[in-house]
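The following exercises are to be worked with the sequence and the three-dimensional structure at hand. Each task is followed by a solution in steps.

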Amino acid sequence: MKHLGLYLIIGISLIVVQTSVLPLLVGISLRPDLILILVLYIGLNETPLAGAFYAWLLGCLLDVFCGTTLGLNGMIMLLIFCGTYIGGRQLNLENDLVMLLATIIGTICNSLLLILTLLCFSEQSQSSVLILNGLPAQLLINLTTVLTITFLLSVLHKRSQRNKRRGTYQGLQTWH
Amino acid sequence: MLDFLKRHQTALLFSSLFLCALLLYSNSLRQQNKANLFERGVLQLTSPFYQVLDSIQHEVATLWHNYINLTQVQQTNLILEQRVREQRQQLLQLREVAQENNRLRKLLHFHEEANFPEIPARVIAVDASSWFRTVTIDKGLNDGLRDGLAVVVAEGVVGRTIKCSRRTSRVLLANDAASEISALIQHNRTRGVARGKGDTITLNYALRRKDVKTGDAVITAGTGGIFPKGLPIGKISNVIKHDYGMFQTLEITPSVDFSRLEEVLVILGEQQ
């Protein structure tokens with residue numbers, strides 16, 4: 001329940017950033033898909049059932065601010081979570097490169113699933129050309145975002161470890 | 001049986017969740033333009049954040065302009081700098097006011113020409129994904145908006161409202177692939193359907209035998225029940241005639257720059 005609340009807050013914050021802050025900084029046409037990145041992270045770190053539910057919910061949240069049909073991204077995020085969960089368990093999750101790999105495959109799968117769903121269920125066939133044209137740029141910006149987040153997190157992790165070590169050293173001095 | 005269920009518990013639960021997701025999606029397909037309780041709730045929940053972010057953005061922009069002025073002024077004489085700073089600030093503010101005035105005057109001019117009640121609105125957010133073309137405006141059910149109202153600017157058609165919540169509404173832009181507008185070519189009254197294509201719009205189902213040239217203006221036909229007749233959609237930029245078939249496909253350059261939308265007018269309905 002705690003995780004659900006946390007992911008909901010993070011999801012809503014990311015969507016607000018994606019729809020109103022990022023367009024001012026990087027423009028309308030090229031923005032990272034933050035919810036997709038969050039779902040990929042969930043796929044690599046959460047339990048299957050809870051993770052699947054979070055992914056679906058986050059996708060539905062995204063649908064409120066994206067496109068016209070509720071449930072489109074919900075369904076796609078659920079499938080992406082499933083793929084990430086199954087694929088991720090075959091790899092060493094401690095390695096940072098796994099998230100990069102997941103981003104590449106996740107972004108491509110997201111676009112392909114979107115095209116497939118639109119072709120099968122709706123009459124928006126013109127969207128497929130648009131999505132395919134924008135895929136390389138979307139892939140690049142998603143990768144850049146994940147790289148930036150990974151770099152920032154590793155810097156923060158190193159700093160916290162250094163502080164912890166310093167604290168231990170001071171503790172030892174006090175002990176002696 | 002119980003053993004089988006236990007063994008495949010995860011797969012079965014995942015399949016049920018996927019089935020739920022599919023059912024929700026297929027159900028939503030039938031009511032694309034209407035906001036349900038979940039959507040209305042989320043939109044209502046997030047609207048204060050958007051309002052706050054919008055006002056912060058204005059404040060930051062003003063601060064940034066002031067900061068730039070200040071750093072420039074520090075390099076020159078203090079007294080002159082003071083005057084220059086004041087004048088520049090005034091100029092910036094005046095320019096901003098003039099631009100806003102221009103935009104609003106255009107809207108007002110449009111308002112005077114039009115015979116139906118409208119309500120002005122500000123664009124506060126864009127679509128969450130790069131594939132779809134929608135924006136969020138700061139007016140909703142409380143302001144008299146409802147689903148399926150035409151949204152325009154002085155240059156022409158912007159789109160139509162979908163999924164209205166109490167304080168905000170989403171607008172499906174005319175260049176979205178899901179958008180279809182009944183249109184006609186102004187000079188020879190050739191009818192067609194203007195469909196979004198991302199950055200451009202295409203006019204489908206225009207009769208092949210009709211003489212159409214690049215630069216011809218395309219306007220709303222007024223037959224769809226949403227857009228009043230005669231609103232500009234754009235100008236024809238390319239004529240595609242296939243070797244066979246009854247129709248020709250025409251590419252339209254929209255008259256509205258969808259990437260720079262700030263203020264819009266929502267047409268509440270034709271005058272009684």
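**Exercise 1. State the order of the elements of chain A from the N terminus on.**

Solution. Step 1: from the N terminus on, the elements of chain A read α-α-α-α-α-α. Helices (H or I, at least four residues) and strands (E, at least two) are DSSP runs, numbered from the N terminus. Step 2: the count for chain A is accordingly given as 6 helices and 0 strands. Step 3: along the principal axes, the C-alpha atoms of chain A fill a box of roughly 75 × 35 × 30 Å.

This is a predicted model, in which local features need pLDDT of at least 70 and side-chain atom pairs count only at pLDDT 80 or more, while totals for chains, interfaces and linings use all residues. Residues are numbered from 1 along each chain as its sequence is written, and chains are lettered from A and ligands numbered from 1 in the order in which they are written.

**Exercise 2. Determine which elements of chain A have the lowest and the highest mean pLDDT, and do likewise for chain B.**

Solution. Step 1: pLDDT is the predictor's confidence in each residue, from 0 to 100. Chain A averages 86, with 93% of the residues scoring at least 70. Step 3: for chain B the mean pLDDT is 83, and 93% of its residues reach 70 or more. Step 4: confidence in chain B is lowest in helix α4(B) (residues 78–113), with a mean of 72, and highest in β5(B), with 92. Where pLDDT is low, the predicted coordinates should not be read in detail. Step 5: for the complex, the predictor gives an ipTM of 0.77 and a pTM of 0.74.

**Exercise 3. Describe how α2(A) packs against α3(A) and α5(A).**

Solution. Step 1: α2(A) and α3(A) pack at an angle of about 175 degrees, and their axes are 10 Å apart. Axes are lines fitted to C-alpha atoms, for helices over the stretch in contact, and angles run from 0 to 180 degrees between N-to-C directions. Step 2: the two helices α2(A) and α3(A) are therefore roughly antiparallel. Angles under 35 degrees count as roughly parallel, over 145 as roughly antiparallel, 65 to 115 as roughly perpendicular and the rest as oblique. Step 3: I35(A), L38(A), V39(A), I42(A) and G43(A) of α2(A) make this contact with G51(A), Y54(A), A55(A), L58(A) and L62(A) of α3(A). Residues are in contact if their C-beta atoms, placed from the backbone, lie within 7 Å. Step 4: by class, the contact has 8 nonpolar, 2 polar and no charged residues. Ala, Val, Leu, Ile, Met, Phe, Trp, Tyr, Cys and Pro count as nonpolar, Asp, Glu, Lys and Arg as charged, and the others, Gly among them, as polar.

Step 1: the axes of α2(A) and α5(A) come within 10 Å and cross at roughly 125 degrees, so α2(A) and α5(A) are oblique to each other. Step 6: on the side of α2(A), the residues are L36(A), I37(A), L40(A) and L44(A); their counterparts in α5(A) include V98(A), M99(A) and A102(A). This contact has 7 nonpolar, 4 polar and no charged residues.

**Exercise 4. Characterise the contact between chain A and chain B.**

Solution. Step 1: the contact takes 44 residues from chain A and 39 residues from chain B. Step 2: α1(A), α3(A), α4(A), α5(A) and α6(A) each supply at least two residues of the side of chain A that touches chain B, and α1(A) gives the most, with 9 residues. Step 3: that side has 27 nonpolar, 15 polar and 2 charged residues.

Step 1: the axes of α4(A) and α2(B) come within 8 Å and cross at roughly 160 degrees, which makes α4(A) roughly antiparallel to α2(B). Step 5: L72(A), G74(A), M75(A), L78(A) and C82(A) in α4(A) meet residues of α2(B), among them F14(B), L17(B) and F18(B).

Technical notes: Contact = placed C-beta atoms within 7 Å.
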